[in-house]
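Reader: I'm new to this one. Can you walk me through it, bit by bit?
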Amino acid sequence: MGIYLNPGNKSYWEAVHSKIYVDKTGLIAYTNEFLNTREKYICVSRPRRFGKSMTLDMLAAYYSCGCDSGELFKGFRIESHASFEEHLNKYDVLFLNMQRFLSRAKDQRVTDYLEKTVIAEIRKVYGDFFSEEESDLSVVLEQIYVETDRQFIFLIDEWDCVMREKQEAEGLQRQYLDFLRNLLKDQPYVALAYMTGILPVKKYGSHSALNMFAEYSMTDQDIFEEYTGFTEDEVKELCERFSMDFGETESWYDGYKLIRFQHIYNPKSVSEAMRRHRFSNYWTSTETYDALKIYMDMDFGGLRADVVQMLGGGHVRVNTRSFQNDMQTFRTKDDVLTLLIHLGYLAYDFENREAFIPNKEIIEEFENAMSVGGWQTVMDVLQASEKLLEDTLSGREECVARGLDRAHTQVASILTYNDENSLGCAVSLAYYSARKDYKMVREMPAGRGFADVVFLPLPSRIKPAVIVELKYDRSVRSAISQIREKQYPQALEGYSGEIVLVGVNYDKDSKEHSCVIEKIRK
């Protein structure tokens, strides 16, 4: 077995024999279907620590000739597929980790170092079929194909590291893209090219060197949705196996909403929580919050107001098509929001074209980024939120009204009240601290309508549920009446106990809130 040529199955063997392994071998059925077709060029982009490298290890174990991986896949989903035996360990695989080449290239161009290193390994197996002086990898592979009829499967990890780490080196980026195009496009020795990274490949200015790749990104994973992270059913099985609370797991790590799979979980974080038997921020702890803060502080056309709206549980419209798929070409706030979707800091609702903060883990990262300057007014609201929740649960109506007044005053420079939706975002932000004990739901289907804000206590918390109905320049009593008339409490399926009903009205003339609180039991 080699390092680049036919790396074998050792890495995948380690994954399978780890304490936590979730069967994602169904993905192989799709790659088998694409072999030697026009669809053989696949680029799957996902945030870091979303299982990209493990997928490549799995594909290497399955396709690499020179090893026998039949037993390794025994009992997994792909074993029962009709194509399993046909392609098992039948191809020469070239596994290229671009991050490794970039870090080792030093003063050389990364592509020069790559070609020199990979050709040296290929020569040990196929040295009789090309000249000793040949230094062009595509020529070497062409000659091997002509002489042996052998095709190659390319597995490329961290394909976009040059774009991410050499952001200012446009010449290097273009040369690198041209190298990949020459190596892969329309080459008869390519049976499949499966490439992974964080960024999609479609646009780098007018340069479209890799336009043969079909993209599967966090804005549309298409057929690979099930393999983007852990599904809800997979997480439920893990929670049962490790005796962990599913509701708490959902609050911390769910939220990546795709088209068919509405609940995709961060696999790194779920695995760590199960293994350590403790909920915490595991995914974002692998990178400093500075990376997020840089983009948050780019206030393109009201980006800051959008961040505040999302912190309040709201969704914001985003046009993902203008993004240039790099980390420095930003023309509008949509470009920044789209990058944050690809980085995993935001989730994306494809049907409504909206971005939002997916879960508690990511909310904490936004809070960390805001804590180091520039967001003090928002931080003041967050810090006061615990007192506001305490006053609400205690039924102190005037204190709640005054607390909402203060919150409004503090965020008024960023978020302007002009309807019930903006009021809802600000009120949700004012109750920020409730999320440690509650699952917050905006616009929750309830009874004969939609409750503006609902706080559902997490299963491990002994807290009353809270239903908040908002009115903009109306009557605060009409808010409470609506909760009762539309039977919102009856919609809290599976919940029994005390429910705190909160009616809030904002008077646009006096710029003051009024509040009525009632308590019932279900």
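Author: Let's start with a strand. Phe 152, Phe 154 and Ile 156 point one way from β3, while Ile 153, Leu 155 and Asp 157 point the other way, and all are buried. Buried means under 20% relative accessible area, with exposed over 50% and partly exposed in between, using a 1.4 Å probe and protein chains only.

Reader: Why two directions?
Author: In a regular strand the side chains alternate between the two faces of the sheet.

Reader: What kind of model is this, and how are residues numbered?
Author: This is a predicted model: local features need pLDDT of at least 70, side-chain atom pairs count only at pLDDT 80 or more, and totals for chains, interfaces and linings use all residues. Residues are numbered from 1 along each chain as its sequence is written, and side-chain values use heavy atoms, leaving out hydrogens and water.

Reader: Back to β3. Which residues does the strand span?
Author: Strand β3 covers residues 152-157, and six of its six residues are buried. Strands (E, at least two residues) and helices (H or I, at least four) are DSSP runs, numbered from the N terminus.

Reader: Which strands form the open sheet, and in what order?
Author: The order is β2-β3-β4-β1-β5, and the pairing is parallel. The edge strands are β2 (92-97) and β5, each pairing on one side only. The twist averages 15° from one strand to the next. Two strands pair if DSSP finds at least two bridges between them.

Reader: How many bridges join β2 and β3?
Author: Six bridges, in the parallel sense. Leu 94 stands opposite Phe 154 in β3.

Reader: And β3 with β4?
Author: Five bridges, again parallel. Leu 155 has Tyr 194 in β4 as its bridge partner.

Reader: What about β1 and β5?
Author: Three bridges join β1 to β5, which run parallel. Ile 42 stands opposite Ala 214 in β5.

Reader: Which strands does α2 lie across?
Author: Helix α2 lies across β1, β4 and β5, and runs at about 135° to β4. Axes are lines fitted to C-alpha atoms, for helices over the stretch in contact, and angles run from 0 to 180 degrees between N-to-C directions.

Reader: Is α2 mostly covered or mostly open?
Author: Mostly covered. Six of the eight residues in α2 (residues 27-34) are buried. They are Leu 27, Ile 28, Ala 29, Thr 31, Asn 32 and Phe 34.

Reader: What covers them?
Author: The cover includes β1 (41-45), α3 (52-63), α4 (84-87), β4 (190-197) and β5 (214-216). Contact means heavy atoms within 4.5 Å.

Reader: What follows α2?
Author: Asn 36 follows, with a positive phi near 55°.

Reader: New topic. At what angle do α6 and α7 pack?
Author: Helix α6 (residues 110-126) and helix α7 (residues 137-148) pack at about 20°, with their axes 10 Å apart. That makes α6 roughly parallel to α7. Angles under 35 degrees count as roughly parallel, over 145 as roughly antiparallel, 65 to 115 as roughly perpendicular and the rest as oblique.

Reader: Which residues meet there?
Author: From α6, Leu 114, Glu 115, Val 118, Ile 119, Ile 122 and Tyr 126 meet Leu 137, Val 140, Leu 141, Ile 144 and Thr 148 in α7.

Reader: Last one: why is β13 largely enclosed?
Author: Seven of the eight residues of β13 (residues 465-472) are buried, so the strand is largely enclosed by the rest of the structure. Eight bridges join β13 to β14 (residues 498-507), and the two run parallel. Glu 469 stands opposite Gly 503 in β14.
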